[in-house]
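These are my notebook entries on one structure.

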Amino acid sequence: MVNIIFCGFGDEMDKRVLAKQGDVLLRVAMNNGVTIPTECKDGLCGSCAVKVEELESSPDVKGFESTVDPDAWDKDKYTTYMEDKELNTLVEMGAISKKEAETAQQYAQQTPIRLACQCIVKGSMLVKPFE
Ligand code: FES
């Protein structure tokens with residue numbers, strides 16, 4: 001199980017929840033009462049875009065530390081393959097650049113903006129609305 005922290009969705013929806021690795025982020029949100037706008041649920045409309053940040057829990061530290069460092073991404077730990085469909089949608093809606101999409105494909109990284117309906121939970125993460 002991993003921790004998913006929803007932040008910025010509103011008082012009642014800002015919470016930390018447990019999720020199974022391999023679950024879809026949108027389903028985790030819905031199952032825990034967090035509303036993320038959706039239309040297609042198929043990676044095409046972009047309405048479920050969210051900002052994501054990988055987190056790592058530490059038994060020695062209360063809370064979480066961000067481990068996001070674009071220059072030193074722990075590829076083996078956080079390898080997340082993003083489908084072309086998701087990357088194309090994110091580029092078309094201007095959420096990421098074409099270069100970011102190419103880098104994500106090349107290095108099997110995830111971009112800081114994801115489509116919740118396409119995002120498979122790999123590890124603990126902080127999720128914020130994309131505006
Ligand atoms: S709901 Fe349309 S891309 Fe996720």
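**Entry 1: Leu55**

I found Leu55 in strand S3. Strands here are DSSP runs of E with at least two residues, helices are runs of H or I with at least four, and both are numbered from the N terminus. I noted that the model is predicted, that local features need pLDDT of at least 70 and side-chain atom pairs pLDDT 80 or more, and that totals for chains, interfaces and linings use all residues. Residues are numbered from 1 along each chain as its sequence is written.

Is Leu55 buried or exposed? I looked up its neighbours: Leu55 counts as buried because 22 C-beta neighbours lie inside 10 Å. The cut-offs I used are 20 or more other C-beta atoms within 10 Å for buried, 12 or fewer for exposed, and in between for partly exposed, with C-beta atoms placed from the backbone.

I then looked up the distance from Leu55 to Asn3. They are 52 residues apart along the chain, and their C-alpha atoms are separated by 8.4 Å.

**Entry 2: Glu56**

Glu56 is also a residue of strand S3. I have Glu56 down as partly exposed, because 18 other C-beta atoms lie within 10 Å. Between Glu56 and Val2 there are 54 residues of sequence separation, and the C-alpha to C-alpha distance is 9.3 Å.

**Entry 3: Leu126**

I moved on to Leu126, which is in strand S6. Leu126 is buried, because 20 other C-beta atoms are within 10 Å. Which residues does Leu126 touch, not counting residues up to four places away in sequence? I listed Ile5, Cys7, Glu53 and Leu55. A contact means that the two C-beta atoms, placed from the backbone, lie within 7 Å. Arg16 is 110 residues from Leu126 along the chain, yet I found their C-alpha atoms separated by 8.9 Å.

Strand S1 covers residues 2-6, and I checked where its side chains point.

I looked up the pairing next; two strands pair if DSSP finds at least two bridges between them. S1 pairs with strand S2 (residues 15-19) in the antiparallel sense, over five bridges. On the S2 side, Val17 is the bridge partner of Ile4. S1 is also joined to S6 (residues 125-129) by three bridges, and these two strands run parallel. There, Phe6 has Val127 as its bridge partner.

**Entry 4: the core**

I looked for nonpolar cores, meaning sets of buried Ala, Val, Leu, Ile, Met, Phe, Trp, Tyr and Cys residues joined through C-beta atoms within 7 Å. The largest one has 30 residues, and those touching the most other members are Ile4, Leu25, Ala29, Cys48, Val50, Ala116 and Val127. At least two residues of this core come from each of S1, helix H1 (25-31), strand S3 (49-57), helix H3 (84-92) and S6. I wrote one general remark beside this: in soluble globular proteins, nonpolar side chains tend to be buried together.

I took Leu25 as an example. Leaving out residues up to four places away in sequence, Leu25 touches Ala116, Cys119, Val121 and Val127.

**Entry 5: H3 and H4**

How do the axes of H3 and H4 cross? They come within 9 Å and cross at roughly 165°. Axes are lines fitted to C-alpha atoms, for helices over the stretch in contact, and angles run from 0 to 180 degrees between N-to-C directions. H3 and H4 are therefore roughly antiparallel to each other. By the cut-offs, under 35 degrees is roughly parallel, over 145 roughly antiparallel, 65 to 115 roughly perpendicular, and the rest oblique. The contact is made by Leu87, Leu90 and Val91 of H3 with Lys98, Ala101, Ala104 and Gln105 of H4.

H4 (residues 98-107) is hardly covered, with one buried residue among its 10.

**Entry 6: two positive phi values**

Ala108 follows H4. Its phi is positive, about 50°, although Ala108 is not a glycine. I placed Ala108 in the loop between H4 and strand S5 (113-115). Ala108 counts as partly exposed, because it has 14 C-beta neighbours inside 10 Å.

Lys41, also not a glycine, has a positive phi near 55°. Lys41 sits in the loop between H1 and S3.
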